[in-house]
Amino acid sequence: KHINETIPNDPSPEIFGLHTNASIIRDLNASLLFLDGMNETLSSQASQTASKESEKLITNMLSDITSMLPSNFDIETAKKKFPIDYNESMNTVLVQEMERFNNLLTEIRQSCLNLHDAMLGKVVMTAQLEEIIIALTLRKIPANWMKKSYPSLKNVGAYIHDFIKRLEFLQKWYDDGKPQCFWLSGFFFTQAFLTGAMQNYARKYKIPIDTLLFDFDMLEADNDKM
């Protein structure tokens, strides 16, 4: 009786030496876990009673994705065009970015082709392929893609379009040379670009790189162009 009446069901995080915001994170994680459980339950039931129409939608989605994906970057040619240069670290950044995006591009293309063949009965439908079907049905990014991907909270449609834009950014860099302005959030591994920029500056002006810091100027927004 004493425990039931005096000890709260949800004690304050401060009791455990945590910040008060820890309760917000706890509630958020619990909500996400609950919603993920509901989605898995619904998708599992849906997959068991999947109609020909839903299968056609997934098949069309796979065809659309594979048709939008470009060919892999030719890494060997890129290395010749942008060789390792002590005074230009961006050459290395570009090639490494191409390699990372090639891994993701290969994963997305191959998984879509395999799933398409499985739905047509050409190959065996594995548990991993079924997970991709569930994810695509919920418009979520499949887990096997995310293992080789940059972080993203987009749905699968927006993710593919964003992915294509990133590939186009690298392709334009390859075709036209190093750009004057860079799409900072478009990099797979942004830290490599930032390090490369500091290396270029340090080597150009013969300054120790560990003495350099990034600074930022906040520009006023032009409301007429927004």
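Helices in this account are DSSP runs of H or I with at least four residues, numbered from the N terminus. The model is a predicted one. Just beyond helix α5, Gly121 adopts a positive phi of about 85°.

Helix α5 itself covers residues 90-119. At 1.5 Å a residue, its 30 residues should span 44 Å, and the separation of 43 Å between its end C-alpha atoms agrees with this.

Two packed helices are described by the angle between their axes and the distance between the axes. For α5 and helix α6 (residues 127-137), the axes come within 10 Å and cross at roughly 100°. Angles of 65 to 115 degrees count as roughly perpendicular, and α5 and α6 therefore stand roughly perpendicular to each other. On the α5 side, the contact is made by Ser111, Asn114, Leu115, Ala118 and Met119, while α6 contributes Leu129, Ile132, Ile133 and Leu136. Sorted by class, this contact comprises 7 nonpolar and 2 polar residues, with no charged residues.

Helix α5 also takes part in a charged pairing. Side chains of opposite charge can pair when their charged atoms come close. Glu107 and Lys148 form a salt bridge through their side chains, at 3.4 Å from N to O. This pair links distant parts of the chain, 41 residues apart: Glu107 belongs to helix α5, and Lys148 to the loop between α7 (143-146) and α8. The count of salt bridges comes to 7.

Ser185 and Arg166 are 19 residues apart along the chain, and their C-alpha atoms are separated by 9.2 Å.

Technical notes:
Residues numbered from 1 in each chain as written. Predicted model: local features only at pLDDT ≥ 70, side-chain atom pairs only at ≥ 80, totals over all residues. Heavy atoms only, no water. Axes fitted to C-alpha atoms, helices over the stretch in contact; angles between N-to-C directions. Helix = DSSP H or I, 4+ residues; strand = E, 2+ residues; numbered from the N terminus. Parallel < 35°, antiparallel > 145°, perpendicular 65-115°, else oblique. Contact = heavy atoms within 4.5 Å. Nonpolar A, V, L, I, M, F, W, Y, C, P; charged D, E, K, R; others polar. Expected span 1.5 Å × (residues − 1). Salt bridge = Lys/Arg side-chain N within 4 Å of Asp/Glu carboxyl O.
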